[in-house]
Structure formats: structure tokens, C-alpha cells
Amino acid sequence: PLDGPIWRELSAREIPWCGELEYASLERGGRQIVVTVSNGKSTTVTLIDLLLRDSGISSQITGNIGTP
């Protein structure tokens, strides 16, 4: 939880932090489509990737899919 001891300590020391989605967007840049559901993520992102590529839009799947 964001009010837990780790986050309180980071805040007390004024150490900046962010979540993994924010970090990825800062490191990766560009447009992103983020899929966060319980079931069907791999299928959904694969279909989105195929649709984008078939439309001539450059696409790259990242995250917990395929070969790490």
C-alpha cells in the first residue's frame, strides 16, 4: 500500500519513485497501449499488434509474453 513503511521512508527522504507503467512510459516514450486485465492479456496484445502491423503502424509487444 502507498501508505506503507517503504513509501513513507522514500517520501521522508525525498527520494522520487514511480510505478512500473509510469517508468516504462518514461523509458520507452512514444505511444502506448496498455492492457491490464485478469485473463486474456496475451491474446489481446497479440491481436492489437497484428492489427497495428497490418495497418502499417510499427508495433512492439513488451511485458510478460513470449521469450523473456
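Predicted model: local features only at pLDDT ≥ 70, side-chain atom pairs only at ≥ 80, totals over all residues.
**Entry 1: the end of H3**

Next I checked the length of H3. Its 14 residues, at 1.5 Å a residue, should span 20 Å, and the end C-alpha atoms are 20 Å apart, so the expectation and the model agree.

I stayed with H3 and looked at its charged side chains. Arg53 pairs with Asp49 in a salt bridge, with 2.9 Å between the closest N and O atoms. Both residues belong to H3 and sit 4 residues apart, about one turn of the helix.

Are the two partners buried or exposed? Asp49 is buried, because its relative accessible area of 9% is under the 20% cut-off. Arg53 is partly exposed, at 47%.

**Entry 2: the other salt bridge**

I noted 2 salt bridges in the structure. Arg13 has 57% relative accessibility, so I logged Arg13 as exposed, the cut-off being over 50%.

**Entry 3: the tryptophans**

How many aromatic pairs does the structure hold? I found 1. The partners are Trp7 and Trp17, 4.5 Å centre to centre, with 40° between the planes, which makes the pair tilted. Trp7 lies in helix H1 (residues 5–12) and Trp17 in the loop between H1 and H2, so the pair ties together parts that are 10 residues apart in sequence. I looked up their accessibility too: Trp7 is partly exposed at 27%, and Trp17 is partly exposed at 39%.

**Entry 4: the largest pocket**

The largest pocket has a volume of about 1000 Å³. I listed 25 residues in its lining, and those nearest the centre are Ile33, Val34, Gln60, Ile61 and Thr62.

Which helix gives the largest share of the lining? H3 again, with 6 residues. Helix H2 (20–28) also supplies at least two residues, as does H3 (41–54). By type, I sorted the lining of this pocket into 11 nonpolar, 9 polar and 5 charged residues.

How values were computed
Residues numbered from 1 in each chain as written. Heavy atoms only, no water. 1 Å grid on protein atoms, 1.4 Å probe; cavity = no way out; pocket = protein on both sides within 12 Å on 5 of 7 lines; lining within 4 Å. Points joined across faces, edges and corners; volume = space filled by probe spheres on them. Nonpolar A, V, L, I, M, F, W, Y, C, P; charged D, E, K, R; others polar. Expected span 1.5 Å × (residues − 1). Phe/Tyr/Trp six-rings, centres within 6.5 Å; stacked < 30°, edge-to-face > 60°. Buried < 20%, exposed > 50% of the residue type's maximum accessible area, 1.4 Å probe, protein only. Salt bridge = Lys/Arg side-chain N within 4 Å of Asp/Glu carboxyl O.
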